[in-house]
Amino acid sequence: MIRSLYILFSFSLLLIGITPGSYAQEPDISKFHDNREKISALLGYCETLRLNTAGNPNNFPLLQQAALKGISLTPETDPADLSRFAFYCAFGCYYQVKFDSAQYYFYKSLLNAQKAKSAEFISNACVALIPVNFQLRQQIKVDSCKDILQSILDTTHNKKILQDGYSAMGSYYQQKAYYNTSEDYIIKSIELRKETADTTTDVKLKSDYAIQCYLLSKEYQNTDVPDKSLNILHEGQPFASFSPIVNLRYMSSFTEIYATLGNIDSALHYEKLIEQHTKNSPVVPSELVSANLNIAKYYINHHQTGKALPYIIQSDTLAIRRKSPIMIYQAALWKGRWLEETGKFAEAVSSINQSLPFAKQFSKEQYAEGLKYMALAQKGAGNLIEAIRYFELYSDQSDSLTKEKISQNLADQETRYETNKKEQHIASLSKENKLSFLELQSASRTRLFLILALISLGIIALLLYFIYRNKETANQILNERNNQLDLLNQKLGVANNTKAKLFGIIGHDLRSPISQVVQLLQIRKGEGSLMTDEARLTHENKIHEASETVLETMEDLLLWSKSQMQQFTPQFKRVNITAIVEKELALSTQLLKEKSIRINKDIGVGFIQTTDENFATVVIRNLLQNAIKYCDRDSGIDISGRGETLQISNQCSSISADTLNNMLNSSEVNSQSSGLGLQIVHDLAAVIHIKINFLQQDRDRILSVISWTA
């Protein structure tokens, strides 16, 4: 019984599938640059190890290692993949008989599945935890996982979840000995899988169907209907060959059923097949031990003890080699039964006595059988008191089992009734929901028809409106185009005016200094040999000064041209105005000497303003040159700086402040007039937000004011 449960539960784990792309060999994750690719590769490798189509026993330690590596790579923000890796790790631990570790990682898988809100992964974890918790004899946890799984099965339409969930529910009720309810769930799982199993090329799906048939066969054996058990095994047999593990279990079951039905030849045939399939196995398979025990039981029950002996010896030897407590006590029990049958009562007592503690722990039915055979052995050995004692124990155990079976059968029928009632209620609710849906669908269609009618009327009205609006729109577009054309004409006028001003400035301000340079060069060429050294040096200084004047004028024009571009932006910073004044006066030293002009400065070293240095330099240079140009000979120029104002005062009898202001603010371009330099100053000052004004102090004195307060 216990071995049967272990087989049922281990098969339940094989049913669960998480199928990313698979890798036959461990992937070299160092070749993947993206962490997502590494995770996908490891998931595929884990799935290949889990399926274990070659039946390699080393796959499960490798699966555990690969899953732990996947857990270390997967971030906490990816609970779905953490759930997968934890499941694979638990799976590997389970098949290494590390039930505590398996339970731990299956619960981690469940926790992460709940974080990911994945019904499929939650279902997978619960399906796996039911057998693990049962193995660890933690019934409360078994029931808790069953309740979670049941809530999902009652609400989902996912075929995959239903298939595995029904199978797990069948296993759950099987361990509670509710065999009818268990059969119902497993049959549901088979019905869901049958059509796919017949048509699919997926090896796993075919193996899953074979597993379900195997589980149902075990249920039929538990309810003593071996004919049904044999039939369902034959139905699943064509699909069992796709998995070595499943195929081996099938051969073991055929051996057991044929021995139960009395067809010993067929039982022997399948036992030989098991030997052939496991002869190279590094471990003793439980199926081979079980097959030998079943054949031994047949011969003992048919009083053919001579034929039973080889199988008794073989099963005992194999059980000891496998080191399985369950197998060892079963082999010892039937060895004692054989010894009792052959009249070796003392040895039978010893062998049966060895098996009873384990039988009591693992199987009430086999414990009762052991008590019965112990009573017979004690009687045969002449120990009547012990025989009576064991018979009484057997009688009590049998009565207890009978009561328990009656109780379980009643609970089974009640559970079956409640389950059917709930399913009928769910089906009724589904029909009501479907009817409500159809009514809503009909109402929705009517509403849709009315909406479409209203939309049609609206469309007609909109068409009429748009026809009217098209004319207005066309007129509006025409007006906008005319406005755009006017704007372009304005911009073209500004551009033409700027171009005319540029050419006017070039014609006026550049022609005179360039002509001066040319004249000086011609004088040097024609009369250079007649000049004294002092005259030649003076002449060369004049050429140098004239060239610098041309260069400064060119730089002023370039800077002014840039200022006329809309995309050009001045760079404001803290600028030392005193340094600019000193520099420009130094460049005008020769002209100041020629006109005998004195410079009186009342400006501090730290006279600093926030402005664009290049623009400010051009403005100050032009205003200083303008003051020197119009200043009377043998007079003075006063320069002062206070607060945010720079003032330049000079004696001038040839021009008035009003004339200079008119020149400064003039927008007309006349290449024959002077003052184009002031127009440059006006434009540059506007860009850097300073204000320039000329004031008449008295009849022959003019004050130039530069203010950064504007």
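Reader: What should I know before I start?

Author: This is a predicted model, where local features need pLDDT of at least 70 and side-chain atom pairs count only at pLDDT 80 or more, while totals for chains, interfaces and linings use all residues. Residues are numbered from 1 along each chain as its sequence is written, and side-chain values use heavy atoms, with hydrogens and water left out.

Reader: How many helices and strands are there in the protein chain?

Author: The protein chain has 25 helices and seven strands. Both are DSSP runs numbered from the N terminus: helices are H or I with at least four residues, strands are E with at least two.

Reader: Are Arg249 and Glu287 buried or exposed?

Author: Both Arg249 and Glu287 are buried. Buried means under 20% relative accessible area, exposed means over 50%, and partly exposed is in between (1.4 Å probe, protein chains only). In the protein chain, buried residues make up 45% of the 710 residues.

Reader: What angle do helix 12 and helix 14 pack at, and why is that called roughly parallel?

Author: They pack at about 10 degrees, with axes 9 Å apart. The axes are lines fitted to C-alpha atoms, for helices over the stretch in contact, and angles run from 0 to 180 degrees between N-to-C directions. Under 35 degrees counts as roughly parallel, over 145 as roughly antiparallel, 65 to 115 as roughly perpendicular, and the rest as oblique. That makes helix 12 roughly parallel to helix 14.

Reader: Which residues make the contact?

Author: Contact means heavy atoms within 4.5 Å. On the helix 12 side you'll find Leu248, Arg249, Ser252, Thr255, Glu256 and Ala259, and on the helix 14 side Glu287, Ser290, Ala291, Asn294, Ile295 and Tyr298. Sorted by class, the contact has five nonpolar, four polar and three charged residues. The classes go like this: Ala, Val, Leu, Ile, Met, Phe, Trp, Tyr, Cys and Pro are nonpolar, Asp, Glu, Lys and Arg are charged, and the others, Gly among them, are polar.

Reader: What about Arg50 and Glu47, where do they lie?

Author: Both lie in helix 2 (residues 35-51), three residues apart, about one turn of the helix.

Reader: How do you know whether Arg337 and Glu341 are buried or partly exposed?

Author: Check each against the cut-offs. Arg337 has a relative accessible area of 10%, so it counts as buried. Glu341 is at 26%, so it is partly exposed. The two side chains form a salt bridge at 2.9 Å, N to O, and they sit four residues apart in helix 16 (residues 325-341), about one helical turn.

Reader: Why is Lys117 called exposed?

Author: Lys117 has 75% relative accessibility, so it counts as exposed. Lys117 is in the loop between helix 5 (99-116) and helix 6 (119-135). Its phi is near 55 degrees, a positive value in a residue other than glycine.

Reader: And what makes His689 exposed?

Author: The relative accessible area of His689 is 52%, so the label is exposed. His689 is in the loop between helix 25 (676-687) and strand 6 (691-698), with phi near 60 degrees.

Reader: What makes Gln103 buried?

Author: Gln103 is at 11% relative accessibility, so it counts as buried. This residue lies in helix 5. Not counting residues up to four places away in sequence, Gln103 touches Leu129, Val132, Asn133, Leu136, Gln138 and Lys141.

Technical notes: Salt bridge = Lys/Arg side-chain N within 4 Å of Asp/Glu carboxyl O.
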